[in-house]
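Please look over the model below before reading the points. The note covers a pocket, the nonpolar cores and some strand pairings.

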Amino acid sequence: MTDVRNMRLHTRPNQSADSAEANRWSFALESAGLGVWDSNLVTGQCYYSSTWKRMLGYREDELGDSGDLWLTLIHPDDKQRAIESGQRHIAGEIPQIETEFRLRHKDGHWVWVLDRGRVVEWDADGKPTRMIGVQTDITDQKNAEHQLALLNQRVELALDAGQIGLWHFNIETETVLWDRRMREIFGIGSGTDEVPRATWHRLLHPEDAAIAEQAVEATFKTGIPMKTSYRIVKPDGEVRHVYALARLVKREGMPEMLMGSIWDITEQVHSAEALAREKDLYRVTLQSIGDAVLTTNVDDIITFANPAAERLLLRSASELIGAPVSGALRLVDEVSDHVLTSSTMRAMENRSTVDRVENAVVVRSDGERRSIRDLASPIFNSAGAVTGSVLVVQDVTNARNLQRELSHAATHDTLTGLLNRRAFEVATASILASPDRRHALLYIDLDRFKMVNDTLGHAAGDALLKLATASMNSVLPHDAVIGRLGGDEFAAVLPSANPEDTKAIAERLIEEIRKVRLEWDGKLQEIGASVGIAFLDDPNLTLNEAVARADAACYAAKAEGRNRTAIYDENTGAAKENLASVQAASGILEALAEGRLEIYGQEIREISDTTENTVYIEILSRMRAPDGTLIAPAEFIPAAERFGLMGIVDRWIIEHTLEQYGERLMATDKVAIALNLSANTISDPTLWSFIKTTTERTNVSPSRLIFEITETTAVNNYEAAENFVKEARAAGCRISLDDFGAGLSSFGYLHHFDVDSIKIDGAFIEKLSNSRLNQAVVRSIGSVARELGVDVVAEHIEDTGAVGILRSLGIGFGQGFLFHRPQPLGNLLQDLDVREANS
């Protein structure tokens, strides 16, 4: 290889001319900073110009002429690409070498070069033997490209992050270019950058098209940058909101361009709309709600007040805003009248909600006091610092008044204003629990009240009760505890120094009530009162016992002629007997609760020839005392009737009998049971539905049931008895009229009640053998029964003589100790099973 100055590509006759030409090329290379290389492909030698070496920081005498020198300096990442470029040119695949790579500078950094070269000589066979090339230092260009690439990446990142699309319009060529994001925003899919001019116009929302087009036109005409937002409709019909910027760009020597960007702001618009709706909702809510709402700054100065706050405090919002809460909201304790502070400062100090529930009242500007409940919560900024508070003040005046009224109603009788039974019992129990038991309990029962109430109506009765209450309040001591126990029954507990004083007070009370006059329907109505007195000095006396004693004494006073007093004496008097009745009634409820009520049965036997094969059993009840002794019905049934408990007892007997013995009754078709219904029971309008539900649940056929209704029950509850008889017979049950003949209208009731049998009152049977009158009555009953086609049962048969007479009179059935003494129903049914098995 030779120096470029002596390089000969072709033989020239003029040597000096060649030298001059070489000098010119050498000067040009030096000036351009180009490095020349000349490679002998046969020997492997390569010439590198001094400019090439200086480009890499070397002197001319450094480095050698090895053909592989450049490969020792090239960047490893670029080596293969550079080698392949030369090989492809030598192979004739490309016209020349043109590639970029990095060479290591002497001081260690990398120099980017553009390498261009080609084959210049070939041998006789056409095989390349020589290549010459030039390498240009393009490091600055590469650095600029790198910085531009970084800048472009930053722009791309910003555009991607903001989902911003770019476009420009060449005014001269009328060409529209959209980038990828523009196509995505408008939903037209991928494609070339150039889009038809009509695309944008076609995708504008019809309602926004004119505004958007006018904004672009204005930028064309005035050059003022465009900033606007509008809606577009994508090809799939989706509506999107966009924010558009556009600028008219003028460059010397270049055509004018309109360049712009599009930013999809749909989510921001929706969020802003939602926030606006929410703010509007909050505004309307705060304006509409009945609770006063105040907001404060961190110094507890009011910054907002809604209309409810204006109404509550009787001050306008302009007066409230800017005022301290303590000055605008004057709070005092409802009970002590002590000044209270607002909850706002506490809420801000504690950084938590404060709910005041004590009895606070706000003193309004007109001096009126309103009961309030206030709740304060702190307001935080984004950094978590407290910036103020929200105070909600509820006017609870009406609620607290109602609460007081309800509390009063829960413990007081609504008509008279006296304590109700429950509150009176609580107060009395408290007195009994105190060390000082020198008190007396007065049980007060109004006389003739029921007659007035039933004949003139409840309004007249209520008026009488109020007058009687006024009389009691005027006579009884101020420290007496007075209560209405129910109906026309009252009670009072008063301090008692001695029995004489207590009795004197009771008698004055009776006298005062006797003075009561009620003018109603042009007539004067009067009432009286009977008072029973029981003293509470017995340390073992319970509340129930105390009330029972006073009640028993009151009953004794009534029995003695009314309008008088009676003092309970545990050793003598009617009060003692009445107490026993009260205790018996209480014992019934305890027996039911403790399972001490038992079911008994008594057979009804045939005494004349009949076609019946059925065994009839009347269901009876017995009660066991806590010690296990048996209590006869005569000892507790009257008490149950007096105190209205027979309805409970009858229901228990019906349900218990069918549940416990229903399956055994239905196991044979020869047994029917008779169940007694008291006046209290027959008056219950839900009685038949209860019986129907019970028979269905226990699978007992109604045809096995006979319901016995006494003549007295029928008389006193005629309509209820008639309705029950119709429903029961319609379902297949049978009806028996019990104690027949005891009343004067017995036969008359047979016209009104469709019954299956009648039971002659036992009073006619007990002395039948010795009384021709009784025999005549029984004969008459039997004759009427045969005419009506109903069976007759004679009760209380205890001697054989009566059986013969009854048989001669045609009475078909009998019941009494002579035939069968009552026994537990389970045992009786078992005996019947044995009897049937042996027959």
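Which helices and strands each supply at least two residues of the lining of the largest pocket?

1. They are β28 (615-624), α21 (633-642), α22 (646-666), β30 (671-677), α23 (679-682), β31 (705-710), α25 (711-716) and β32 (734-740). Helices (H or I, at least four residues) and strands (E, at least two) are DSSP runs, numbered from the N terminus. Residues are numbered from 1 along each chain as its sequence is written, and side-chain values use heavy atoms, without hydrogens or water. The model is predicted: local features need pLDDT of at least 70, side-chain atom pairs count only at pLDDT 80 or more, and totals for chains, interfaces and linings use all residues.

2. The largest pocket holds about 1000 Å³ of space. A pocket here is an open set of points on a 1 Å grid over the protein atoms alone, where a 1.4 Å probe fits, with protein on both sides within 12 Å along at least five of seven lines; lining residues have an atom within 4 Å of a point. The volume is the space filled by probe spheres set on the points, which are joined across faces, edges and corners.

3. The lining of this pocket has 34 residues, and E618, L620, P633, I637 and N676 lie nearest its centre. β28 gives the most, with five residues. By class, 13 lining residues are nonpolar, twelve polar and nine charged. Asp, Glu, Lys and Arg count as charged; Ala, Val, Leu, Ile, Met, Phe, Trp, Tyr, Cys and Pro as nonpolar; the others, Gly among them, as polar.

4. The largest nonpolar core has 68 residues, and I617, F707, F724, V778, L806 and I811 have the most contacts inside it. Its largest share, seven residues, comes from α22. Such a core is a set of buried Ala, Val, Leu, Ile, Met, Phe, Trp, Tyr and Cys residues joined through side-chain atoms within 4.5 Å. Buried means under 20% relative accessible area, exposed over 50%, and partly exposed in between (1.4 Å probe, protein chains only). Another core, of 31 residues, lies apart from it, with I505, V516, A529 and F535 among its members.

5. V778 touches I760, F764, I765, L768, L806, L809 and I811, leaving out residues up to four places away in sequence. Contact means heavy atoms within 4.5 Å.

6. Five of the seven residues of β32 are buried, so this strand is largely enclosed by the rest of the structure. β32 runs parallel to β31, joined by five bridges, with R734 as the bridge partner of I706. Three bridges join β32 to β33 (residues 757-760), also in parallel, and S736 has S757 as its partner there. Two strands pair if DSSP finds at least two bridges between them.

7. β3 (residues 97-104) and β4 (residues 110-122) pair antiparallel over eight bridges, and E100 stands opposite L114. Five residues separate the strands of this hairpin, where G108 takes a positive phi near 110°. β4 is also joined to β5 (residues 128-137) by nine antiparallel bridges. In that hairpin, G126 in the turn has a positive phi of about 85°.

8. T129 lies in β5 and is buried, with a relative accessible area of 13%. Its contacts, again not counting residues up to four places away in sequence, are S39, N40, L41, V42, E121, W122 and D123.

9. An open sheet of six strands has the order β8-β7-β6-β11-β10-β9, with antiparallel pairing. β8 (194-195) and β9 (226-233) are at the edges with a single partner strand each, so one side of each has no neighbour in the sheet.
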